[in-house]
Amino acid sequence: MRFIQHLEKNGCYASVVSAEHAVELGEEIRSLHDEGRIDDALYNDYAKPYFTPQLPRSMPKAKSIIVASVPQPMIRTTFLWNGREYQFVIPPTYYDGNKVDQRIKRLLSEGFKPRSYRLVRATLPVKLLAVRSGLALYGRNNITYVPKHGSFHRLTAFYSDYDSPIDNWREKKALPLCDKCKACLKACPTGAIMKDRFQIRADRCLTYLNEKTSGHEFPKWIDASVHNSLVGCLRCQRVCPYDKDVADWYEDRGVFTEKETEYLLNGKFRGVKAANMEMKLKRIGIDLTIFPRNLEALLAQKRR
Ligand code: B12
Ligand code: SF4
Ligand code: SF4
């Protein structure tokens with residue numbers, strides 16, 4: 001399909017399925033919750049809109065869902081503190097969400113020419129969609145992988161009135177090496193990846209814990225040495241053989257002065273100063289809610 005080739009020429013991947021599958025995606029996730037394999041808080045509070053897909057009001061008769069993958073590096077950001085310079089990492093996908101959506105929308109519109117179709121951003125469980133559309137494969141770490149950039153890519157999806165002659169819907173599939181490899185299982189610091197079950201225990205994932213607002217302290221069972229990113233966690237990605245070409249792929253973004261670091265560690269955020277800091281943090285895909293907890297945890301490690 002020309003629009004898929006157009007995305008590929010621009011370094012991205014895409015696939016298309018019939019819009020009828022939106023319901024199935026929701027059903028599959030719901031049945032996991034019914035079986036007790038997704039924590040109530042995660043299902044009901046954290047990610048409900050992704051798990052209960054509905055065709056958008058602006059396109060109740062959508063014909064297809066187009067899912068796209070855009071490569072993204074890690075962000076490396078610098079904090080000056082007590083006369084020293086510290087570099088901390090933010091994993092791919094936290095930042096530039098809107099930019100990615102706009103870029104994909106533009107590339108799709110260009111690829112559709114001379115025709116023109118409507119595109120409405122879709123709130124869906126996009127990993128499951130990407131794998132069931134043949135765009136990606138699941139890793140045992142439950143992250144999805146595409147050629148070249150491994151798991152270092154952002155997924156996004158759009159409903160469209162494009163009536164695709166092909167429906168790429170299929171069974172889900174894992175990476176070929178996951179059968180024998182245990183690298184991510186061994187590297188996971190919280191036991192979220194399990195030996196005898198493919199689906200991870202998301203409620204144990206460090207990312208789930210450090211994305212919560214800073215008022216939520218880390219549980220006692222979390223070892224202080226496990227923190228590795230300003231938000232999220234990269235342990236299971238960086239050890240994966242399919243990520244070996246991207247494991248050191250960074251973009252340097254943002255320097256926080258001594259004063260700014262002190263402000264973030266102080267934890268009292270109000271008024272114009274807080275608004276300005278939010279703007280600066282937005283560029284690297286985070287916000288004030290995770291401060292001071294996550295930064296304290298990383299700096300404490302450096303002092304050990
Ligand atoms: C909720 C959520 C979280 C939660 C829960 C994660 C989870 N695994 O459920 C938390 C906060 C923990 C989280 C963490 C992360 N997330 Co997140 N998250 C989401 C969100 C909103 C929904 C994910 C979801 O559908 N979960 C429900 C579970 C049940 O679905 P699933 O993980 O796909 O589970 C499938 C597998 O277990 C598989 N399966 C089960 N058994 C078997 C057996 C076989 C043989 C096979 C093949 C498959 C299989 O089937 C299940 C579905 O039926 C999406 C955004 C979106 N729009 O979808 C981002 C998203 C998935 N997250 C993303 C990322 C990058 C991450 C992190 C890597 C961030 C980081 N570096 O710290 C971590 C990775 C944690 C991990 N190992 O999964 C990206 C993934 C991009 C990619 N390359 O795949 C997404 C898509 C955001 C984005 N727009 O890019 N996340
Ligand atoms: S580290 Fe090994 S088991 Fe884990 S996702 Fe990668 S190949 Fe699969
Ligand atoms: S992101 Fe970290 S805590 Fe979560 S599954 Fe991967 S290694 Fe484990």
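1. Glu 260 and Lys 280 form a salt bridge, with their closest N and O atoms 2.9 Å apart; a salt bridge here is a side-chain nitrogen of Lys or Arg within 4 Å of a carboxyl oxygen of Asp or Glu. The pair links distant parts of the chain, as Glu 260 belongs to helix H10 (residues 258–266) and Lys 280 to helix H11 (residues 271–282), 20 residues apart. Helices (H or I, at least four residues) and strands (E, at least two) are DSSP runs, numbered from the N terminus. Lys 280 is partly exposed, with a relative accessible area of 27%; buried means under 20% relative accessible area, exposed over 50%, and partly exposed in between (1.4 Å probe, protein chains only).

2. On the basis of the values: this is a predicted model, in which local features need pLDDT of at least 70 and side-chain atom pairs count only at pLDDT 80 or more, while totals for chains, interfaces and linings use all residues. Residues are numbered from 1 along each chain as its sequence is written, chains are lettered from A and ligands numbered from 1 in the order in which they are written, and side-chain values use heavy atoms, with hydrogens and water left out.

3. The whole structure contains 14 salt bridges. One of them joins Glu 27 to Arg 30, with 2.8 Å between the closest N and O atoms. These two residues stand 3 residues apart in helix H2 (residues 21–34), and so are separated by about one helical turn. Glu 27 is partly exposed at 39% relative accessible area, and Arg 30 is also partly exposed, at 35%. Elsewhere, Glu 28, Arg 132, Glu 171 and Lys 172 are linked in a network of salt bridges.

4. A further salt bridge brings together the side chains of Asp 252 and Arg 76 (2.9 Å, N to O). Because Asp 252 lies in strand E9 (residues 250–256) and Arg 76 in strand E3 (residues 74–81), the pair ties together parts that are 176 residues apart in sequence. Arg 76 is partly exposed, with 23% relative accessibility. Asp 252 is also the bridge partner of Arg 76 in E9.

5. The strands E4, E3 and E9 form, in that order, an open sheet of 3 strands with mixed pairing; two strands pair if DSSP finds at least two bridges between them. E4 and E9 are the edge strands, each pairing on one side only. Neighbouring strands are turned by 25° against each other on average, direction ignored. E3 pairs with E9 in the parallel sense over 5 bridges, and with strand E4 (residues 84–90) in the antiparallel sense over 7 bridges. In the hairpin of E3 and E4, 2 residues lie between the strands, and Asn 82 takes a positive phi near 50°.

6. Which strands does H10 touch? H10 packs on the sheet in contact with E3, E4 and E9, its direction making about 100° with that of E3. Contact means heavy atoms within 4.5 Å; axes are lines fitted to C-alpha atoms, for helices over the stretch in contact, and angles run from 0 to 180 degrees between N-to-C directions. Helix H12 (residues 293–303) also packs on the sheet, touching E3 and E4, at about 130° to the direction of E4.

7. The residues around ligand 3 (those with a heavy atom within 4 Å of it) include Cys 188, Cys 205, Cys 233 and Cys 236. Helix H8 (206–210) and helix H9 (235–238) each give two or more residues to this shell.
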